[in-house]
Amino acid sequence: MIIFATSDKGGTGRSVTCANIAYRRSLAGDDVAYADFDFGSPGAAAVFELDAVVRDVPDPGVHSYLQGRVCEPARLDVWSLSRREELRGAPMESGRLCLVPGDHGGGEFPVGACEARRCAELLLALEEEFDLTIVDLRAGRSYAVDLALRTTARPELRYVPTRWLVFHRWTRQHIAGAVGLVHGDRGILRAGVLWGHDQAALSERIRYVRTAVPGPGIPQDGGEAAGSATWLRARDADLKALAVRLKLDRTATLGTVPLDPVLQWSEQLITHEDAAVSPAGGQETARAFTELADALARGTGREAP
């Protein structure tokens, strides 16, 4: 299965969430590839703590490959190359975890038939080799999103199972932006139809992921904290009503990632060790990542929190 991940805006936690999903699927025994198609600012190497490898040994990445400058992009084994001690050495019964990095210092570029052909060849190779491939696209209506739509409309990818995850923070602006990215005049669905996708079939493959959602630990007693909690619950109820009106409800939502200071301040993989010692709800965050990973593995796309 190939998962395309995008968002209308930056700062949604898309890359760090996708990296954590990849990590947890690999722990569960799947062979997982993560392809960084965020051409303007590829950041997955930092989340996997492979940034030193990319910087010191700058093998050509996705950018160079798609533009025809190399025959294939670099592939980095996270279990052997990460500088983080907890990630060194694959745990027993885990699968492979491979990063196909973006080029350091690359930028966006127009895509045409040649880029789409190379992209198709790469995706087919990854699909054959790995159980799950996550393709992290650039935020907004980008060339990367256009390339994904154009490539998956090609005949050779017609029978490859694909899903789309659209990430948004739990705010009015982000909710509206995510819906616009999918359903807007230049959104994913209309652009997909232009490249030959069936709109209904494409729509069925799209699910949303809510990020930075306040957790359940809201004070119930009196005092100033309780007043703030009342305000937070009211805003949360307003956002849920807005999501329902915009048809971004439970059936359209794959899962939720809680507001976690560790993720906000240090975009990283949340290991079992992190979850055990984190004073900021690390276990809840780890559980959210596991539920997202399991929902993708089941392939239903309808596992809402």
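Q: Before we start, what counts as a polar contact here?
A: A polar contact is a pair of N or O atoms within 3.5 Å; within protein, one must be able to donate a hydrogen and the other to accept it, and residues adjacent in sequence count only if both atoms are side-chain atoms. This is a predicted model, where local features need pLDDT of at least 70, side-chain atom pairs count only at pLDDT 80 or more, and totals for chains, interfaces and linings use all residues. Residues are numbered from 1 along each chain as its sequence is written, and side-chain values use heavy atoms, with hydrogens and water left out.

Q: OK, which side chain does S15 make a polar contact with?
A: That of D136, at 2.5 Å.

Q: And where is S15 found?
A: In helix α1, residues 14-27 (helices are DSSP runs of H or I, at least four residues, and strands are runs of E, at least two, numbered from the N terminus).

Q: Is S15 buried or exposed?
A: Buried, because its relative accessibility is 17% (buried is under 20% relative accessible area, exposed over 50%, partly exposed in between, with a 1.4 Å probe and protein chains only).

Q: What else is S15 in contact with, beyond four places in sequence?
A: Y34 as well as D136, with contact meaning heavy atoms within 4.5 Å.

Q: Switching to β2, how many of its residues are buried?
A: Six of six, across residues 32-37. V32, Y34 and D36 lie on one side, with A33, A35 and F37 on the other.

Q: Which strands does β2 pair with?
A: β4 (residues 97-100), parallel, over four bridges, and β5 (residues 132-137), also parallel, over six bridges. Pairing needs at least two DSSP bridges between the strands.

Q: What sits across from A35?
A: V100 is its bridge partner in β4, and V135 stands opposite A35 in β5.
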